[in-house]
Amino acid sequence: MSETWLCPTVLLCVYGFFSSLRPSEPFLTPFLMGPDKNLTEKEVVNEIYPVWTYSYLALLFPVFLATDYLRYKPVIILQGASFIVTYVMLVKAQGVLAMQFLEFFYGLATATEIAYYSYIYSVVDAAQYQKVTGYCRSITLVGSAVGSLTGQVLVSVGKVRLLYLSVMTLVSMLVAFVAPWFLPMASKSLFFHQRPKCPGKEERGRKRARSSLGSLCQAEQEDLESKVPLNTERYPQANYVLGEQGQARGTGVVEVLRILWLDFLQCYSSQTLLCWSVWWALSTCGYFQVINYAQVLWEKVLPSQDFEIYNGYVETISTLLGAVAAFGVGYIKISWATWGELALCIFSVVIAVAVYLMDTVRNIWVCYVSYVVFRATYMLLITIATFQIAANLSMERYALVFGVNTFIALVLQTLLTVIVVDTSGLGLEIFPQFLIYASYFAVIAVIFLAAGLYKMLGRCRSQQACQADSGEKVSDSAGNGLADGDTEMGNITVDQPCLQDVEGRGKSTDTLGD
């Protein structure tokens, strides 16, 4: 491991671990509705929690541009500062307005998370992308699991007050805040500060990075149809602009926006990428809603003031199972190009049933088990979607697609929050909300069932047409050979479009995203 990126990787992992180590997280709703804050369910659900959604949406795009322009490190420091402000307010502040400001700062911390995952790509070689990404993502999962488990043990065994869990979380944020100050400043970024490129070296690095990413998901190596080349003929300017701008030290905001728009049109011209991106946006919207309000539902089913709760254990188990499920994707050998839509349909049904059981059975153990199933299934599918989208995209385009998908998810979540949760809309109680969320995932399942059936029908018709055309060519060739008096069968020709279709599925798509 090279020393040039060992130090920033270690510092990022230290920051990621301690910023994810939050013992108070599984008990946030009981804390807000308990004697320390004395807030009502309506205030927490309908007035305080929606602010996070609104602030996250409002800040996401400006933060995306600022992260690249400022070259990551200042934004990581801003995230650490936002976490500190959030938990200082959680410990000290009182009242609905103060908690709404707290949610704003937490939304800022969430929006700036992109800097944590993007920084490493500016200081390591492309061939190491997959490795360091694995380190950075894994350590945050470990930190989250350790934090949840620590909080539960302290509450169940040590009978520690929930206020002290918030203090411990604040201390963890203070420790995390130290690490990013020692990160080296990135000399380049994806859009505003691009270094002059060495085409041969850059291409080899990207190929190695894609090969490394593909090794995580072995099924993709056999899934040639999922490697759909982007429509470079339709939007040739995008590649040209990126190539030319790569020779310059800096790029203006207007030029970067133009590059982003051209890349947006080019990326989403791929039907495969569009399909997985649609599921990503739709499901992430529902996932955020369920995660945000699950503790409120648990509190309604089993009040923490009267009974012992086990939210920390549930969060720990769901995090670890989600990580195992995500890791297991690499050993699933399935043609996602053929069965992707139907798989998304089936797993969306599983998610819908899990959310429905949480809402209707109203037994805390059923709620806990359903939540674990829900979260593990989502993490499994979002990992598959990430591989399907990222395998043949350059890092610039992956950042763009990730940002667009997240932005669309937040737009949908904001609409759902305004209509269902916010007091300016319906302002529903928690049980009707979860019934709507279950129905939402059921609609997603229906959408991808229809898409899967349509795709299979089109594939069958295409195969039948190719077979019929090939049979006619064979018959014509055989007839011509016999008419000429040949003793051997004449040359047999195969319909050229069908042959090209077969050959095209096996071609390399290494140029995708370059």
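1. A residue is called buried when its relative accessible area is under 20%, exposed when that area is over 50%, and partly exposed in between. The points below apply this scale to charged residues of a predicted model.

2. Four salt bridges are present in the structure. One of them pairs the side chains of Glu41 and Lys300, with an N to O distance of 3.0 Å. Glu41 belongs to helix H3 (residues 41-69) and Lys300 to helix H13 (residues 271-301), so this bridge ties together parts 259 residues apart in sequence. Lys300 has a relative accessibility of 39% and therefore counts as partly exposed.

3. Glu315 and Arg375 also form a salt bridge through their side chains, at 3.0 Å from N to O. Here helix H14 (residues 311-328), which holds Glu315, is linked to helix H16 (residues 364-390), which holds Arg375; the two residues are 60 residues apart. Glu315 counts as buried because its relative accessibility is 12%, and Arg375 is likewise buried at 11%.

4. A further salt bridge joins the side chains of Glu341 and Lys455 (3.5 Å, N to O). Since Glu341 is in helix H15 (residues 336-360) and Lys455 in helix H18 (residues 430-483), the pair connects parts 114 residues apart in sequence. Glu341 is buried, at 9% relative accessible area, whereas Lys455 is partly exposed at 26%.

5. Lys73 is buried but has no salt bridge, and the nearest side chain of opposite charge, that of Asp68, is 17 Å away. Beyond its neighbours within four places in sequence, Lys73 is in contact with Tyr119, Pro180, Trp181, Leu183 and Met185.

Terms used
Residues numbered from 1 in each chain as written. Predicted model: local features only at pLDDT ≥ 70, side-chain atom pairs only at ≥ 80, totals over all residues. Heavy atoms only, no water. Buried < 20%, exposed > 50% of the residue type's maximum accessible area, 1.4 Å probe, protein only. Lys, Arg positive; Asp, Glu negative; His and termini not counted. Contact = heavy atoms within 4.5 Å. Helix = DSSP H or I, 4+ residues; strand = E, 2+ residues; numbered from the N terminus.
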